[in-house]
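Here are some notes to read alongside the model. They are set out as numbered points.

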Amino acid sequence: MSDRTMAAAETPVADATGSPHVDAGDAGYRKDLKSRHINMIAIGGAIGTGLFLGAGGRMAGAGPSLFIAYAVCGVFAFFVVRALGELVLYRPSSGAFVSYAREFMGEKGAYTAGWLYFLNWSTTAIADITAAATYAHFWAMFSDIPQWVLALIALAVVLTANLISVKYFGEMEFWFAIIKVAALVVFMLIGVFLVVTSHDIGGHTPGLATIGDNGGIFPAGYMPMLLLIQGVVFAYASVELCGVAAGETENPEKIMPRAINSIMWRVGLFYVGSVVLLALLLPYTAYSGDESPFVTVFDKLGIPGAAGVMNLVVLTAALSSLNSGLYSTGRILRSMSMSGSAPKFTGVMNKGGVPYGGILLTAAFGVLGVALNYVMPGDAFELVLNFASIGIIGTWAMIMVCSLLFWHRSKDGRVTRPAYQLPWAPYTQLVTLAFLASVIVLMWLDEGISRTTVNCLPLIAAALVGGWFLVRKRVAATAAARKEL
């Protein structure tokens, strides 16, 4: 794109919806994502590492009550993505909620939203490569390879594919999502068959007695289930990805509502349904955080190769999440770079329309994750999961605040809400914000890493404030220069 074309793309003009805001970071992208890509990205975003790996340790800690935590968090995740969907139809942008925060909250809001999102995905990238390395150790051929080496290989493979073009990302995520959905469908069909027929699983007979004879739904009480909610929030970390991808697709007003509306039933079927089946198939004490619960079930079934195939699927889930994180942070950082609130190099694009600067910055934090896997391979996943949860909570909160401000402006007649709306506004936004605040409280009530993470909030806030003072002059100069165009 020439400088003249770029300048024209950055000139603020009113669009068909009456929005006077045009995000400079939207210029230069190719509309290469198709309807099938967006639909599968939405599915893939709702099925990630948090279910395939994290559910094992959480089941061991809270028992069958875990399905309640997944259901509750799933409802609020749907509210968040539905609020984002309304904003996307109002004005599609690859900057997504960062662009909306800029419009409704100013540059400070965009800066805060963007860096909280980066905190989310930079730490999630570490969790993903840690999970990938953990899965790989399931096979004997990789058992002698250090975990950090496997983590580095996973990062290198996904990074390479992400840097080529958005079409490669879309295709990669499309097939990742198909594999995950197919595997879960097969697991659920087999699980239902095993329960209905009372088929023996490693010396245990599945059924309702599995729950009743092992302490019921709350074998350790109510508090363990509540304390696990921050980890369950992590399981839904990618639901907002379809909002970011909307900026690189044609006709988002037709594609997005269908993709977002389907998230609710996916949550009920895949998350809640899978956890209920896991609880019926084996006692909750049979699961652990060291292995995917799905692999545990197939391993105890004794079907040759079944556990290995399932492990390959969960490895795919980890790579899919990493793929999504590199994609989305690259677009968010570019939006911030064009306004001056992120390093200039993160706004650079290659010939394929890929903002590789931001992708490489996120990958650099993934390299730190490789080092973390070297120093503390046993605790790396749990440590970064808690920091990722803080980033997710902050991101979701910013989306709901933007949605609330958008609703207020619509009441003043300054903007027009699209036909596709978040239901029960503004109460939905307020209740969701209260829920997110309660998650922070629950994290503090927990012991160990969770409380330590919450205690780090003042440091995160101080880093954000300090960073703003470093970039505020550049942000002001960039805004002034844009007004002169």
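**Notes on the predicted model**

1. Setting aside neighbours within four places in sequence, W396 contacts A77, V80, V233, Y236, V239, E240 and L436. Please keep in mind that this is a predicted model.

2. W396 also belongs to the largest nonpolar core, which has 155 residues. Together with F52, Y70, F97, F187 and Y236, W396 touches the most other members of that core. Helix α6 (residues 96-136) supplies the largest share, 24 residues.

3. There are four salt bridges by the rule used here. One of them pairs E86 with R417, with the closest N and O atoms 2.6 Å apart. The two residues lie 331 residues apart: E86 is in helix α5 (residues 66-90), and R417 is in the loop between α17 (380-412) and α18 (427-445). E86 is buried because its relative accessible area is 2%. R417, at 19%, also counts as buried, since the cut-off is under 20%.

4. A second pair is E103 and R91, whose closest N and O atoms are 2.9 Å apart. E103 sits in helix α6 and R91 in the loop between α5 and α6. E103 is buried at 10% relative accessible area, and R91 is buried at 4%.

5. D412 bridges to R414 at 3.2 Å between the closest N and O atoms. D412 is exposed, with 53% relative accessibility.

6. On the surface, W148, L152, Y374 and V375 make up a nonpolar patch of about 430 Å² accessible area together. Helices α7 (147-164) and α16 (356-375) each give two or more residues to the patch. V375 is in α16 and is exposed at 65% relative accessibility.

7. In helix α4 (residues 54-62), the buried residues are G54, A55, G56, R58, M59 and A62. Just after α4, G63 has a positive phi of about 75°.

Terms used. Residues are numbered from 1 along each chain as its sequence is written. This is a predicted model: local features need pLDDT of at least 70, side-chain atom pairs count only at pLDDT 80 or more; totals for chains, interfaces and linings use all residues. Side-chain values use heavy atoms; hydrogens and water are left out. Patches are made of residues with over 30% relative accessible area and no salt bridge: like charges are joined within 9 Å, nonpolar side chains (Val, Leu, Ile, Met, Phe, Trp, Tyr) within 5 Å. Accessible areas come from the Shrake-Rupley method with a 1.4 Å probe; for residues, only the protein chains shown count as cover. A salt bridge is a side-chain nitrogen of Lys or Arg within 4 Å of a carboxyl oxygen of Asp or Glu. Helices (H or I, at least four residues) and strands (E, at least two) are DSSP runs, numbered from the N terminus. Buried means under 20% relative accessible area, exposed over 50%, partly exposed in between (1.4 Å probe, protein chains only). A nonpolar core is a set of buried Ala, Val, Leu, Ile, Met, Phe, Trp, Tyr and Cys residues joined through side-chain atoms within 4.5 Å. Contact means heavy atoms within 4.5 Å.
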